[in-house]
Amino acid sequence: MSDKIIFQDLEVTTVLGNDVWERNKKMPLRVTCEIRTSISTAGKTDKINESVNYSQASKRVQAFAESNHKLQSLEAFSEKVATECLSVTPRALAVRVFIRKPRALLHAQYVAIEIFRTRDEVFGSLETELVQAASESDEEYAQRLDFAEKEMAVAKSSAGILAIEDHIIVKRLSLNTIIGINRWERHYKQVVNIDLTLCCEKLPVPMDSSKLNKVPRYRNYRTVVDSVSELVEQSSYRTVEALVTSIARAAVKTCKVPKITVRVEKPSAITFAACTGAEITRTADDFAVSDMSPRASAGQLASTGDSYSTVSDSARHSAYISLGTNVGDRLGNLHKAVFNLRKNLPKSRLVETSFLYETLPMYVTDQAPFLNAACLVKTDLEPLELLDELKRLEYEMGRDFTVVRNGPRVIDFDILFYDEVVIESDVLTIPHALLHERRFQLGPLCDIDRDLMHHRLGKTSGTLFRHLTTHNEVPEDTVQVTPLKGRWHTRPNPHEGCILKPLNPKTQTETVFMGILNCTPDSFSDGGDYYASLDAAVEQATKLFNDGADIIDIGGQSTRPGADPVGIEEEIRRIVPVIKRIREAGMEIPISVDTFYADVAAAALDAGADIVNDVTGGYSDPKMLPLVAERQCPYILMHMRGDPLTMTSLNDYSEFDGDVIRAVRFEIAQRVRAALDHGIPRWNIIIDPGIGFAKEGGQNFEILRRLPALTAKNIYASAKSKGSNAEEIAEDIGTDVDDQGFVDENLAVRLTDYPVLVGCSRKRFIGNVTGKPNAKDRVWGTAATVTSAIQGGASIVRVHDVAEMYDVARVSDSIYRV
């Protein structure tokens, strides 16, 4: 038997976290409790002391709510409500608690929590609590204990799924989106109502209140609603089925919710019905990435030879650390800091880095600009031990601790987060005390993880950063930059300095030019022109520099379709003398080496090159990614399938529904993930979609046309990739063939904000449409692709004809870079 004593929608007022306007004020709650007990005796005797007095239970809950409890989360409050109900009498065996928080979110009816707790979970075993009375025989006590245990078992069985999981509920989240197949539905947004039930493993009880207030990200409804709202309002799905699945995927994949039930309703779908909709329940297993990616399963790629493994979780703790420097060789300081974190921080391992930012100083403004970044470190050091080790590294790198606080420094490490720990002491505050006001720390932190919960403020890192960057008076004091030159451990003369460029489309004002210098006899465009004579090669490099090149890209092996490999020694023989002569001539322009061999790259870097340009993205030579990580040089990572001999036969992207952009995003993200896992800083990576490499003519134009999608957070599907009858279907439903919803992707890493290089210069697909068989006659066709690339957000264009393209790019910059 499992009887219930109920009080429903008890209104209480209390201070519990922030309201919809982010204010820490009193707010109304609605509390419903169902107390499991047996009322058989009370039903016969009509005595209230034989049951659970609901008046006492509700008064205890009311009194607790009005007390100075200092709780911040619904989870913590619901646990205390359960305890108050079970404390009324030992006859209370279990309780279901359902608490609604109206107006917790701007666009939702309410947020709620639903939990089920038993007496033994809250107070310990029944044997501990049910003490044998002096007048009670052993047999009578055993019978009473057995009866209570049976009643407890019945109460637990009545709980259903709540016996093993808690539910956090968002009710009637109303958002506007494009949804439907009819023509008018493709032009006007309509309201959809969304119910979310986050199903989470029960928290261990009893638990200290301070720990209950630390809500993990997968239980934080604000984090989930932020992700869902952004997705829904930018989407344009045809079906409710696709939308509801996409919402579940975002919660599971992005917010790490272990299990979720999603219900989506369309109130306007049918005239004589309240709504139509769909409801699903999904877990992480439903969205697991297959071990065999489409790229690998197609059997189309050479073995990568990757020896890296995904980051192990052997270290117990996750520490997010910011890095800053504004003294001396700033880039060199950061590279040295990364080296020290990787090699000299005990019991720790560097896992991830952010992009690089140049920032104006705060607090003490009369000093040089800073370079700032952030990193994630897995560690077995405790917080104070980690602080001591970071201070040791700062001292060893030459930091002067006697200068004014927040003044110039050669390196500064700050611990921003450490797991979900909250520490406030004289020497250490976690989360960092001033993080909420510092764009120069929040920006890099969000590159790594936007969903870290600041438990003192009740907001995620992404929310804090958005609050600092979405109002009209945001100063332009934080700019993402990419290094093109400067390596602290190989440049003996720090005065040579580094070259940093703002290559993010949000801040870039001028296109960066990479001038091509082929030291080969067989390149498709200029093979042999600069091969036989070292003087001719250096003369061409000088011309490229004078014409406006920002980088000179030197290659010693042709990667044209069908080109035979020349071998490592021959490639080194072709390019190293040229690099040395350029440096001897005093040109400090950044030099990139176009090679997919690690040994060639190493020789070129030793000779004075700055950048590695790898057309295979590191899969051709397993030594390449470790080399680039060790040298800490910029790395251009290109998409390619196969090798020059096989790539023309590997342009079938049917496993991606024929969508070449989807394929390039998926496959290049795998290579970026490999680069990051090898220890290459995020700020050193530039991606290249690989125009002409394993792509036929139309596919190259498709990449140029949809270039912004390469680094977009989400991309839209094209109906043309769904089958030959797409146009017929579109006509039947009265819509456009290209108007689709978001693609279901499982990218290994987000590509947002990575700089993009595009190289179309003189390539065959241009000649095919212009009727120019001679590559040198394709200059004006190349000009069109340069303009298109700039419009699409390309940061760097790789060209043969720098002088001509310089004018094209500067006019395009004035049109598109605003």
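Predicted model: local features only at pLDDT ≥ 70, side-chain atom pairs only at ≥ 80, totals over all residues.
Most residues other than glycine have a negative phi, and most peptide bonds are trans.

Asp-753 also has a positive phi, near 80 degrees. You will find Asp-753 in the loop between α21 (726-733) and β27. With a relative accessible area of 22%, Asp-753 is partly exposed.

Which form does the peptide bond from Ile-430 to Pro-431 take, cis or trans? The bond is cis, with omega near -10 degrees. Pro-431 sits in the loop between β16 (429-430) and α13 (439-448).

**A sheet of eight strands**

Now look for the open sheet of eight strands. Reading across it, the order is β26-β25-β24-β23-β22-β21-β28-β27, and the pairing is parallel. The edge strands are β26 (685-688) and β27, each of which pairs on one side only.

Which way do the residues of β28 point? In this strand (residues 796-799), Ile-796 and Arg-798 point one way, while Val-797 and Val-799 point the other way. All four are buried. In a regular strand the side chains alternate between the two faces of the sheet.

Elsewhere in the sheet, strand β24 (residues 611-614) runs parallel to strand β25 (residues 635-638), and three bridges join them.

How many aromatic pairs does a search of the whole structure find? The search finds six, and the table shows two of them.

| Pair | Arrangement | Centre to centre | Angle between planes |
|---|---|---|---|
| Phe-596 and Tyr-597 | tilted | 4.8 Å | 55 degrees |
| Phe-701 and Phe-765 | edge-to-face | 5.0 Å | 75 degrees |

Why does the pair of Phe-701 and Phe-765 tie together parts that are 64 residues apart in sequence? Phe-701 lies in helix α20 (residues 697-705) and Phe-765 lies in helix α22 (residues 764-770), so their pairing links those two parts. Phe-701 counts as partly exposed, at 29% relative accessibility, whereas Phe-765 is buried, with a relative accessible area of 4%. The second value falls in the buried class because that class takes residues under 20%. In the other pair, Phe-596 and Tyr-597 are both buried.

Rings can have a charged neighbour as well. Arg-100 lies over the face of Tyr-110, at 5.3 Å from the ring centre. Arg-810 lies over the face of Tyr-806, at 4.5 Å from the ring centre.

**A patch on the surface**

On the surface, Val-811, Ile-815 and Tyr-816 form a nonpolar patch. Together they have about 280 Å² of accessible area. Tyr-816 lies in helix α24, which spans residues 802-816. Its relative accessible area is 33%, so Tyr-816 is partly exposed.

**Apart in sequence**

How many residues separate Ala-629 and Asp-677 in sequence? They are 48 residues apart in sequence, and 9.7 Å apart in space from C-alpha to C-alpha. Ala-629 has its place in helix α18 (residues 624-631). Is Ala-629 buried or exposed? Ala-629 is buried, since its relative accessible area is 7%.

Technical notes:
Residues numbered from 1 in each chain as written. Heavy atoms only, no water. Phe/Tyr/Trp six-rings, centres within 6.5 Å; stacked < 30°, edge-to-face > 60°. Buried < 20%, exposed > 50% of the residue type's maximum accessible area, 1.4 Å probe, protein only. Lys NZ or Arg CZ within 6 Å of the ring centre and 35° of its normal. Patch = residues over 30% accessible without salt bridge, like charges linked within 9 Å, V, L, I, M, F, W, Y side chains within 5 Å. Areas by Shrake-Rupley, 256 points an atom, 1.4 Å probe, with all protein chains shown as cover. Salt bridge = Lys/Arg side-chain N within 4 Å of Asp/Glu carboxyl O. Pairing = 2+ DSSP bridges.
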